[in-house]
Amino acid sequence: MAFFESDIVQEEARSLFSDYQNLMQLGGDYGKFDREGKKMFISKMESLMDRYKVFMKRFELSEDFQAKMTVEQLKTQLSQFGMTPDQMFDQMNLTLDRMRSDLDESIS
């Protein structure tokens, strides 16, 4: 069975995409959230990033040609911005760290 034909892969891809879209829509109102709402948003983003990392690692470990091509396409696209997939995740983590730090400073 090809990588993308797997029900597990398809379901996780749908779930990741849906959760990401929902969080991005919700994130438009981030500035209006109270402290607990901001903490919850940051936590959900961290969880989504962890799931995405696992999903991408499955692509990298797969022997499937299409999965390998998907990884290479992502690397090519990110290289246009001078970035690797690991650097992309590092930047996302830095952003969440800044958001968390701003939240901590707001109670001081």
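What follows is a set of questions and answers on this predicted model.

Me: Which elements give two or more residues to the lining of the largest pocket?
Reply: The largest pocket holds about 380 Å³ of space. Its lining includes Leu 16, Tyr 52 and Met 88. The elements that give two or more residues are α1 (7-27), α2 (35-61) and α4 (85-106).

Me: Which element gives the most to the lining of the second largest pocket?
Reply: This pocket has about 160 Å³ of space, and its lining has 4 nonpolar and 4 charged residues. Both α2 and α4 supply at least two residues. The one that gives the most, with 4 residues, is α2.

Me: Is the pair of Tyr 52 and Phe 89 stacked, edge-to-face or tilted?
Reply: Tyr 52 lies in helix α2 and Phe 89 in helix α4, 37 residues apart. Planes under 30 degrees apart count as stacked and over 60 as edge-to-face. The ring centres are 5.6 Å apart and the planes are at 55°, so the pair is tilted.

Me: Is Phe 89 buried or exposed?
Reply: Buried means under 20% relative accessible area. Tyr 52, at 28%, is partly exposed. Phe 89 has a relative accessible area of 7%, so Phe 89 is buried.

How values were computed. Residues are numbered from 1 along each chain as its sequence is written. This is a predicted model: local features need pLDDT of at least 70, side-chain atom pairs count only at pLDDT 80 or more; totals for chains, interfaces and linings use all residues. Side-chain values use heavy atoms; hydrogens and water are left out. On a 1 Å grid over the protein atoms alone, a cavity is a set of points where a 1.4 Å probe fits but cannot get out, and a pocket is an open set with protein on both sides within 12 Å along at least five of seven lines; lining residues have an atom within 4 Å of a point. Grid points are joined across faces, edges and corners, and a volume is the space filled by probe spheres set on the points. Ala, Val, Leu, Ile, Met, Phe, Trp, Tyr, Cys and Pro count as nonpolar, Asp, Glu, Lys and Arg as charged, and the others, Gly among them, as polar. Rings of Phe, Tyr and Trp (its six-membered ring) pair if their centres lie within 6.5 Å; planes under 30 degrees apart count as stacked, over 60 as edge-to-face and the rest as tilted. Buried means under 20% relative accessible area, exposed over 50%, partly exposed in between (1.4 Å probe, protein chains only).
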